[in-house]
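Thank you all for coming.

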Amino acid sequence: MKLSQLLEGVALSPGCAVPDIPISSISYDTRTLKPGALFVALPGYQTDGRRYIPQALERGAAAVLCAGKVPEGGPVLACPDSRAALARISANWFGHPGRDLTLLAVTGTSGKTATACLLEQMLAQCLPGPVGRLDCAGAETPESFQVQQRLRGMADAGVTHAVLEVPSQAVALHRADGLDFAAGILTNLTPEHLDFHGDEAAYRRAKESLLRSSALAVLNLDDEAGRQLAPRFPARLTFSECRDEADLTAKNLRLFPNRVEFEAVTVGDIRRVRLPIPGGFSVYNALACLACGLGLGLPLEDMALALGRVRGVPGRLERVETSAGPEVFIDRASTPNALENILLTLRPLTQNHLICLFGCQGDRDRSQRGPMGAAAAELADRVVLTADDPRTEPLSDIFEDVLRGMEGFSTPCQVEPNRRKAIALALSMAGPGDVVLLAGKGCKTWQEVNGVRCPLDEREEVARFYAGAKMKEIRRDLSQ
């Protein structure tokens, strides 16, 4: 592709002359750069891509695009924002695959992954064509180039609808730029990622920006942000458990240890939903999916039947099989709101003690840590505080922030920095009738410490603990 074609629609700085040269590939990492590539210098958390422009040219880059002042030497072009430029360039390179798909966005503070997974499974049963899903969450968020690349792969494979989980960081970093969504779901909104966005207003603007790129906004009227945003989006569908003015409501809720049941009610229809996922918050996830489906013109009856056949989401209130003893659950909960919801869900399942193991991420928003500690201390009977992903931050600093939030509560709390030992400690506390929650990791099978991902699968740790306990029991019986 010629450079002029690749830069079509890209805002360049005044005076930039675009040479009419062929481009063989796109790169923003000199380690993988191939001769003939366009190198896009991106600003990073720890370094600036502009530093690598000489290296890119040495390795055969045909052209370079960067923000700010253009370094001397070589075919270097300037633009106001290199991340925004990369999004447009990537869309041009892959032929705008989003135009060949019906794109659906899911964003919010809590419930993004669970809702996206449910929506994908529901649509796969209700639509004639294949459905895809792209997880753009958290630290694993791909750059816009990978987003466009994966969407092109879906379109070429015959996928008709794609569900994208889009966190606020992805919006702010232009990773979803140029994508037009048929619907955008906002699950809820509480303060999060303030270390990245700077303040709550910027965080909210990122979420609202994503909805602005959606033809239909799907909003939760039981959430304050949803109620505030609703008047700003004439093209909207709303859902609620409590407010009859919503387009879709849940009535006659029944909660069971392994499922939830409710009646999905619209102006012209009522359908019973039996969702095989426990937890009152699962009702909101299901309502969001149903409201989105209604926006796509799907029958409520078909969607209700489909939700009855979905699978649980790995790492989201995932029950771990044990040979005996307590009920053990793993969940991704890493915000105060999410941890509170999970503990409230598990309380009715608890006959004796509810034991909560959790930690807080290092090098991330410190304002979340005190409220996390308060939620655990208020709603659990016993707490084990341990490491999550400390990254480069000292655990003592993280623990200090958490423990400050637990002041004033009498809930017993034990601190064990080693997460493996902490899991064993929590399980050793528990007996029949108890419930143990391992919060924070979810489906992740590693722990990040000083830039290194160390293997850690909590399911394996639970199995190892009970296998060891069984061996001790056998040895004790043999010795008698």
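Let me begin with leucine 216, which counts as buried because its relative accessibility is 14%, the cut-off for that word being under 20%. Please keep in mind throughout that what you see is a predicted model. Leucine 216 sits in the loop between helix 8, residues 200-212, and strand 9, residues 217-220. What does leucine 216 touch, once residues up to four places away in sequence are not counted? The list is Ala182, Ala183, Gly184, Ala235, Arg236, Leu237 and Gly295. To give a sense of distance, the C-alpha atoms of leucine 216 and alanine 41 are separated by 35 Å, and these two residues are 175 residues apart along the chain.

As general background, nonpolar side chains in soluble globular proteins tend to be buried together.

If we pick out leucine 119 and again leave out residues up to four places away in sequence, we find that leucine 119 touches Leu104, Val106, Val163, Ile185, Cys289 and Cys292. Leu119 also takes part in a helix contact, in which Ala114, Thr115, Leu118, Leu119 and Met122 of helix 4 meet Asn285, Ala286, Ala288, Cys289, Leu290, Cys292 and Gly293 of helix 10. The residues of this contact of helix 4 with helix 10 divide into 9 nonpolar, 3 polar and no charged.

The crossing of helix 4 and helix 10 is right-handed.

Helix 10 has another partner in helix 11, residues 300-307, with which helix 10 packs at an angle of about 145 degrees, the axes lying 10 Å apart. This crossing of helix 10 with helix 11 is right-handed. On the helix 10 side the contact is made by Ala286, Cys289, Leu290, Gly293 and Leu294, and on the helix 11 side by Leu300, Met303, Ala304 and Leu307. The residues of this contact of helix 10 with helix 11 comprise 8 nonpolar, 1 polar and no charged.

Let me move on to helix 12, residues 336-346, where Pro336, Ala338, Leu339, Ile342, Leu343, Thr345 and Leu346 are buried. The cover over the buried residues of helix 12 includes helix 10 (281-295), strand 15 (327-331), strand 16 (354-358), helix 13 (369-379) and strand 19 (435-439). Within helix 12, threonine 345 counts as buried because its relative accessibility is 14%. Beyond residues up to four places away in sequence, threonine 345 touches Pro278, Gly279, Gly280, Phe281 and Leu317.

In general, most residues other than glycine have a negative phi. Leucine 317 lies in the loop between helix 11 and strand 14, residues 318-320, and at 7% relative accessibility leucine 317 counts as buried.

Aspartate 363 is another residue other than glycine with a positive phi, in this case near 60 degrees. Is aspartate 363 buried or partly exposed? At 33% relative accessibility, aspartate 363 counts as partly exposed, and it is found in the loop between strand 16 and helix 13.

I will finish with glycine 431, in the loop between helix 15, residues 419-429, and strand 19. Glycine 431 counts as buried, because its relative accessibility is 17%. Leaving aside its neighbours within four places in sequence, glycine 431 is in contact with Gly325 and Pro326. Glycine 431 and leucine 403, by contrast, are 26 Å apart in space, C-alpha to C-alpha, and 28 residues apart in sequence.

Key: Residues numbered from 1 in each chain as written. Predicted model: local features only at pLDDT ≥ 70, side-chain atom pairs only at ≥ 80, totals over all residues. Heavy atoms only, no water. Buried < 20%, exposed > 50% of the residue type's maximum accessible area, 1.4 Å probe, protein only. Helix = DSSP H or I, 4+ residues; strand = E, 2+ residues; numbered from the N terminus. Contact = heavy atoms within 4.5 Å. Left-handed = near helix turned anticlockwise from the far one by under 90°. Nonpolar A, V, L, I, M, F, W, Y, C, P; charged D, E, K, R; others polar. Axes fitted to C-alpha atoms, helices over the stretch in contact; angles between N-to-C directions.
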